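Me: Could you take a close look at the salt bridges here, and at what they connect?

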Amino acid sequence: MNKKKILLTAINAKYIHSNLAVYSLRANAGKYTAQVELAEFTINHRREEILQGIFREKPDMVGFSCYIWNIEYVLDVAENLKKILPGVRILLGGPEVSYDAVERLEGHEYVDMIIAGEGENTFRELLEWYCEGRPYKELENICGLCYRGKPGKIHMTPAREPARMDELHFPYRDLEDMENRIIYYETIRGCPFSCSYCLSSVEKSVRLRSLPLVFEELDFFLEHYVKQVKFVDRTFNCNHKHAYEIWKYIHEHDNGITNFHFEIGGDLLREEDFELFQTFRPGLVQFEIGVQSTNPETVRAIRRRADLGRIRENVGKVKKMGNIHQHLDLIAGLPYEDYESFHRSFLDVYAMKPDQFQLGFLKVLKGSYMDEAKEEYKVVYGNRPPYEVLSTRWLTYEDVLRLKGVEEMVEVYYNSFQFPAAMALLECCTGDAFRMYEGMAEYYDEKGYFGKKHSRVSRYEILWEYVSSQFEDLAEEFRQVLTYDLYLRDYIKNPPSFVRPRDHEYLAWVRKFLDGEAENPQILSGYDGFVTKQLFNMVYIGQFTLDIQALLTEQSIRKTAPYSLVFDYRQRNPLNHSARVTRIRETGDI
């Protein structure tokens, strides 16, 4: 009997992503693991390239991992693959095909089988059947499988019992192809909560991987100096002991490089967690917290159990420590959330000052409660992936478009970390952060700036255009904050027009200051051996009369006597990569 070749294929959203599912399927394929190969592509590849790449492998069976972002690619490639390799068996799996497996097979004759639900044990048993050439009838004994029988009849076997987490093999045997990519890792399956828009709510039980196994696997990542490990566990700290012991372990074994990402319940943090967090290296961990809405009626309707006051308090405690990146989410299009209600939710979350603030839009996923309740809530959404909301009983399509504009402005001007002072000043002027981004979006729309590619510098120039047209009496203040933000990221040799050139007298003072730093460093560190001329092109020093620190910390607009700021690009903030900024007097003293 010929040895069968099985190719598990992932089409990821970005190159930096990896696909945990295909790695886990291969690792748990039992005695057939050696026959399983992986192929990873991205949605940025042309479909012809993906097809060619699979064809050259000449597989006997191809398995595709299916999600909302890649399902159309998968189906197109699979259909054409069947034409050029008519004997190949095509297998689908993943959340995008698990809940309508029968309909998928009925509508796509080139697909032979679908794994519905968890795949590791189903895949292993399927390989035993396939590679050993067992009778077709034995497929009915494999739970969690939907397949095309003979002649053409579709069969759905009983659902498979969830796997025991400790019985699953570690998915990574080497990291040869993982450089500069995010590693996804799992210690929990299931979720104790029942959020109506989420597929994790389907399984109420929570299964944990035992801590000794987790520690052993974390050591693998730490020893290989993986850049980022992203835990895919839903509500990672739903079991406090499990979460705390893992946080404690990564702190005690910190390699100084690896970052760990966790999705947590912000209201579930305890005092001992904060005591531990205070000891973390800046950048060791980052948290993602789904707030989704602060409208009590909405929160009840989506079946969330969250203490918003506690979330606000705990986010503030973490922020005050200054060593943990926090990412907070809102979802537009939820029940009972109209435009003004979303406005209030936005302000509530924005006031928490997260490091990143994501505005998402409801996606009506097959198998979720929201899919069942769509008629009640009059949720209209796209027929094709990602099934995103178009309107609801409370939100018109025009409202959705306006929120899309706000979303893009937040992404560009808040989440980029490139405009902190400008956004602080603009918020002072408007008094309402939501209206601030709404106004910017309207300006972009009016000028035709949406849908075009803009360089980093051009984003500053557009913002300068906008504030110049709206706040003429604060032109000098905006000139200074934009200059501050621009140089906070990099030393721009050819700056935009809003940056005032430094006059000869001031430049002479800068050179004198750098002379002193070259001989006896007081402010700069890590520049040993560099002379003044070199330092002048490596460190930016600029003069200001607006108290930018007061603006950032107190949202206060205060003028001061002229002072200088030193932007040190060798000493960057590990959370946002901004230069270290030191304020000095004209004499060069701190």
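Reply: Counting a salt bridge as a side-chain nitrogen of Lys or Arg within 4 Å of a carboxyl oxygen of Asp or Glu, you get 42 of them. Keep in mind that this is a predicted model: local features need pLDDT of at least 70, side-chain atom pairs count only at pLDDT 80 or more, and totals for chains, interfaces and linings use all residues. Residues are numbered from 1 along each chain as its sequence is written, and side-chain values use heavy atoms, with hydrogens and water left out.

Start with Arg-384 and Glu-72, whose closest N and O atoms sit 2.7 Å apart. Arg-384 is in the loop between strands E16 (380–381) and E17 (389–391) and Glu-72 is in helix H3 (residues 71–84), so this pair ties together parts 312 residues apart in sequence. (Helices, H or I with at least four residues, and strands, E with at least two, are DSSP runs numbered from the N terminus.) Arg-384 is exposed at 59% relative accessibility, while Glu-72 is partly exposed at 27%. The cut-offs are under 20% relative accessible area for buried, over 50% for exposed, and partly exposed in between (1.4 Å probe, protein chains only).

Asp-112 lies in the loop between helix H5 (101–107) and strand E5 (113–115), so the link spans 30 residues in sequence. Both Asp-112 and Lys-82 are buried.

Then there's Glu-118 with Arg-207, at 2.4 Å, N to O. Glu-118 is partly exposed at 24%, whereas Arg-207 is buried at 12%. These two also belong to a salt-bridge network with Glu-120, Glu-186 and Arg-189.
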